[in-house]
Amino acid sequence: MVGHSSRKLGANSPARLLAFLDAALYETASPWQGATEKCQGPCISASNCSQPCAQHFRGEIGFTCHQDKWQKSTETCTSLSVETLFKDFNTAARLSLAASSIPVHILDFRAPEPVESVAQGIRRHCPIDYACILDVVKSSEATSGNIAFIVELLRNISTDLSDNVTQEKMKTYSEVANHILDTAAISNWAFIPDKSTSSDLLQSVNLFARQLHVHNDSENLVDELFIQAKGLRINHNTPEKKFSFSTSMNGTTEGLLGMIEIPRQELWKLPPNASQAISIAFPTLGAILKEVHLQNMSLPRPVNGLVLSVILPEGLKQVLFTFEKINKSRNARAQCVGWHSRKRRWDENACETTLEITNKVKCLCNYTNMVMSFSILMSPRSIDNKVLDYITCIGLSISIFSLILCLIIEAVVWSRVVVTEISYMRHVCIVNIAVSLLIANVWFIINSNFHKKAQGSNWCVALTFFSHFFYLSLFFWMFFKALLIIYGILVVFRRMMKSRMMAIGFAIGYGCPLVIAGTTVAVTVPEKGYMRPDACWLNWDNTKALLAFAIPALVIVAVNLVVVLVVAVNTQRPSIGSSKSQDLAIIMRISKNVAILTPLLGLTWGFGVATLVEGTSLIFHIIFALLNAFQGFFILLFGTIMDHKIRDALRMRMSSLKGRSRAAENASLSPTNGSKLMNR
């Protein structure tokens, strides 16, 4: 910075000399110097403290206790103010007078008239090109406080000084913005207390550029490293127009490409007189938006391309964008979005994806006064594939129908199959497994249709909680079936009453899931790590809340398989007498049921966990979707239809119904009934 300033110095430039001295002074100072790095005193979870900034900086540094360590959370350290922006010009004027050999006693060293606002200072000192603020801003350190001050400075210029914007003013304005868009400043944006600051910057630049007048058919208005702008003259006879950008990212020599196209059918809407279109490219703004909103998870997916703004004349509504991807991996699926300036978030409804290949995405976006900036978001673990949608839709329909049919069959044959305590509890398990999965599937459908509207609200918490609870219940009732096997084979609770067995079954089947699901909510919701950012389901990236489902489910799968092995060993022993043959037959049916369903459920959610790994093949997602969607059919097939006792009972029930139907038919055709009818 010192070397950069010294190249601009001249013997007849006292203002620049003072600016250089101030810059050298500030360069040696950091907002951290002189401030205690960590807060004193005990670090209690979620507690806060603050420390003053270093000398020459105003403001403070805030800390929050996280995981027993003080971590920096906010910073307002600034060396800039309205006074510092213009004080060198007043001093320069006095030094300039002294240089003209005027006697010192004649000079008026009274304090100059104070500058009360940025607009007033610019009108007084540099109304033509705003250049008087440039050196002070560019020599300042990009602290969080200075960034916030510069954004407010640009916002004031956009609102108070945008009546006659020239290309010179636009270049100065962009140089100021470029200073805080530098890659070296990105990390400091996260500590600005006002999380809407980056949105204010974007809106201010767009507002200022809207007032710029383009004189030539095509102009390169701004060509800074971190902000570029171009302008075009257009009318209804203009052929299809394009803006092309190529900007470097992170200091690399390879440019990141972006293109804006105004369709010919849109240009036809323009009046005969000439209009103009302006486009602005921001290579680093996407990272800044992501960083600012990282803590409250408002922007869960990183921006994967340039942020492109357009300023179009009235009447034009649709624009085509082409974005080159930053992350070009095959699983880095993109979603076209527009930044809603009033809602201060990405609007997924503003654009639709028309083409996506490995390295680029084409978007058709709707332009409005509220949505003027566009980009693409990346979701590396979200596989958007119509095959998966069809599999899930068809599979869930079959699953729900199968579960309803399973419950109907159980109701029809109930009285004929619940002969002993074990058989009674076996069918209680089947019914509750079917009910749990049926309700879980219903919640899944609600989640699929409403998660975007409910995202970030209490509704999303409810959707996640009940989905978690009922999927866990499915596994814990399977676990209770394994306990029934132990009960029958090892005869641990031989004389237990049916009511007590029911109480234990419901405590395990619904009580344990309630405790796990409730604890997960209590622990992760305060840290905003309960739900996934892109869906109403358990979070994985931040808190690993999904383990509260995966670990119990996979442990139960392992335990059930061990129980099946125990059954296989014990049933080979001759110690089991004929008096237990009925219970033994029931136990064997339960064991076969568990032996088939447990691996299927375990395999299903094993593939589910595998899909969380970044870069997982699409085939894993398809297998998981198939197994998950058809779980209800598996329960109907292996838990009900393949049980010969249920088939026999169903056959007898159907025969009984046929017998009653024939008896009623014969009775209606008998001579006695016929004579009664004739006598009426």
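Guide: Residues count as in contact when heavy atoms lie within 4.5 Å. The model is predicted.

Visitor: Which residues of helix 7 meet which residues of helix 9?

Guide: K169, M170, Y173, I180 and L181 are the helix 7 side.

Visitor: Why is helix 7 called roughly antiparallel to helix 9?

Guide: Two packed helices are described by the angle and the distance between their axes. The axes of helix 7 (residues 167-181) and helix 9 (residues 197-210) cross at roughly 170° and come within 11 Å. An angle over 145 degrees counts as roughly antiparallel. Helix 7 is therefore roughly antiparallel to helix 9.

Visitor: How do the residues of this contact divide into nonpolar, polar and charged?

Guide: Eight are nonpolar, one is polar and one is charged.

Visitor: Leaving aside neighbours within four places in sequence, what is F321 in contact with?

Guide: F321 is in contact with M259, I260, L308, V310, V361, K362, C363, C365 and F374.

Visitor: Why is L636 called buried?

Guide: The cut-off is under 20% relative accessible area. L636 has 4% relative accessibility, so L636 counts as buried. L636 sits in helix 19 (residues 631-641).

Visitor: What does L636 touch, neighbours within four places in sequence left aside?

Guide: The contacts of L636 are S402, L405, C406, I409 and I641.

Visitor: How do you know whether I391 is buried or exposed?

Guide: I391 has a relative accessible area of 15%, and buried means under 20%. I391 is therefore buried. I391 belongs to helix 12 (residues 386-417) and touches I622, A625, L626 and A629, not counting residues up to four places away in sequence. F630 is 239 residues away from I391 in sequence, and the two are 9.4 Å apart, C-alpha to C-alpha.

Visitor: What about S467: buried or exposed?

Guide: S467 has a relative accessible area of 3%, so S467 is buried. S467 is placed in helix 14 (residues 458-490). With neighbours within four places in sequence left aside, S467 is in contact with W443 and W537.

Visitor: Why is R344 called partly exposed?

Guide: Partly exposed lies between the buried limit of 20% and the exposed limit of 50%. R344, at 31% relative accessibility, therefore counts as partly exposed. R344 is in the loop between strand 11 (333-340) and strand 12 (345-347). R344 and S198 are 9.4 Å apart, C-alpha to C-alpha, and 146 residues apart in sequence.

Visitor: And I186, buried or exposed?

Guide: I186 is at 15% relative accessibility, so I186 counts as buried. I186 is in helix 8 (residues 186-189). Between I186 and L289 the C-alpha distance is 9.5 Å, and they are 103 residues apart in sequence.

Visitor: What is the phi of H56, and what is the phi of Y130?

Guide: Phi of H56 is near 75°, a positive value in a residue other than glycine. Phi of Y130 is near 65°, again positive in a residue other than glycine. H56 is in the loop between strand 1 (48-52) and strand 2 (60-66), and Y130 is in the loop between helix 4 (118-125) and helix 5 (134-139).

Visitor: How are H56 and Y130 classed by accessibility?

Guide: H56 has a relative accessible area of 33%, so H56 is partly exposed. Y130 is at 2% relative accessibility, so Y130 counts as buried.

Visitor: How many helices and strands are in the chain?

Guide: There are 21 helices and 15 strands. Of the 680 residues in the chain, 46% are buried.

How values were computed. Residues numbered from 1 in each chain as written. Predicted model: local features only at pLDDT ≥ 70, side-chain atom pairs only at ≥ 80, totals over all residues. Heavy atoms only, no water. Axes fitted to C-alpha atoms, helices over the stretch in contact; angles between N-to-C directions. Helix = DSSP H or I, 4+ residues; strand = E, 2+ residues; numbered from the N terminus. Parallel < 35°, antiparallel > 145°, perpendicular 65-115°, else oblique. Nonpolar A, V, L, I, M, F, W, Y, C, P; charged D, E, K, R; others polar. Buried < 20%, exposed > 50% of the residue type's maximum accessible area, 1.4 Å probe, protein only.
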